[in-house]
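This report concerns side-chain packing and helix geometry in a single model. The structure is shown first, and the discussion follows.

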Amino acid sequence: MPGPAPKPTVLKIIEGNRNKRALPKNEPRPRGDLKAARPPANLTDAQAEVWRYTLDNCPPGLLTNVDRELLIAWCEASELHARATRLQAAKDEQARAEGGEELLAKVKGGYMMSPYLPIINRQAVLLLQLSGALGFSPSARTRINAPEDEGPKDPGAKYV
């Protein structure tokens, strides 16, 4: 599908329908607020901590129950990125102490790229993709214009 993804109807309502085009009438509306959800049992303790931190710091009403799997992927990628970064830092420290090369792993017959670097890079890419999908990145937040008062008078309240 060419071109940018269409803007969700709830965002058109919150921001105001600038183009005055007809809004979809039968668009599915996700239910529930994920903010109150407990971390899934399949997450590790470190991933569950990322879950709690993320929900404590994301805007109210941003994530609904249908976003659960995206948030799980976010937590897994975030924790794996942090763990691989810590392991790489320990490898680099060991290499400095031994007079070896940082970012490389010593193998039989010489050196090769550290196995942690592809993990770090892949998880960083995944986090960037998920941050846009979840509305976490600064550029994604510029497209969301949440009203200050999210009370019942909010015209988009029935969509979130």
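Apart from neighbours within four places in sequence, Leu71 is in contact (heavy atoms within 4.5 Å) with Leu34, Trp51, Thr54, Leu55, Leu63, Leu134 and Phe136. The model is predicted, so local features need pLDDT of at least 70 and side-chain atom pairs count only at pLDDT 80 or more, while totals for chains, interfaces and linings use all residues. Residues are numbered from 1 along each chain as its sequence is written, and side-chain values use heavy atoms, with hydrogens and water left out.

Leu71 is among the residues with the most contacts inside the largest nonpolar core, as are Trp51, Leu55, Leu63, Trp74, Cys75 and Phe136. Helices H2 (45-57), H3 and H4 each supply at least two of its residues; the largest share, five residues, comes from H3. Helices here are DSSP runs (H or I, at least four residues), numbered from the N terminus.

One aromatic pair is counted, under the rule that ring centres of Phe, Tyr and Trp (its six-membered ring) lie within 6.5 Å, with planes under 30 degrees apart stacked, over 60 edge-to-face and the rest tilted. Trp74 and Phe136 form this edge-to-face pair, at 5.1 Å centre to centre and 80° between the planes. The partners are 62 residues apart: Trp74 lies in H3 (residues 68-98), and Phe136 in the loop between H4 (116-134) and H5 (138-142). Both Trp74 and Phe136 are buried.

Two residues outside that pair differ in accessibility class, for which buried means under 20% relative accessible area, exposed over 50% and partly exposed in between (1.4 Å probe, protein chains only).

| Residue | Relative accessibility | Class |
|---|---|---|
| Ser131 | 7% | buried |
| Pro30 | 32% | partly exposed |

Ser131 lies in H4 and, sequence neighbours within four places aside, is in contact with Trp74, Phe136, Ser137 and Ala140. Pro30 is found in the loop between H1 (9-15) and H2; its C-alpha atom is separated by 9.4 Å from that of Leu63, 33 residues apart along the chain.

The buried residues of H4 are Leu117, Ile120, Gln123, Leu127, Leu130, Ser131 and Leu134. They lie on the same side of H4 because they cover an arc of only 160° around the axis, taken from the directions from the helix axis to the C-beta atoms. On the other side of H4, Leu128 and Ala133 are exposed. Gly135, with a positive phi near 80°, follows H4.

Methods
A nonpolar core is a set of buried Ala, Val, Leu, Ile, Met, Phe, Trp, Tyr and Cys residues joined through side-chain atoms within 4.5 Å.
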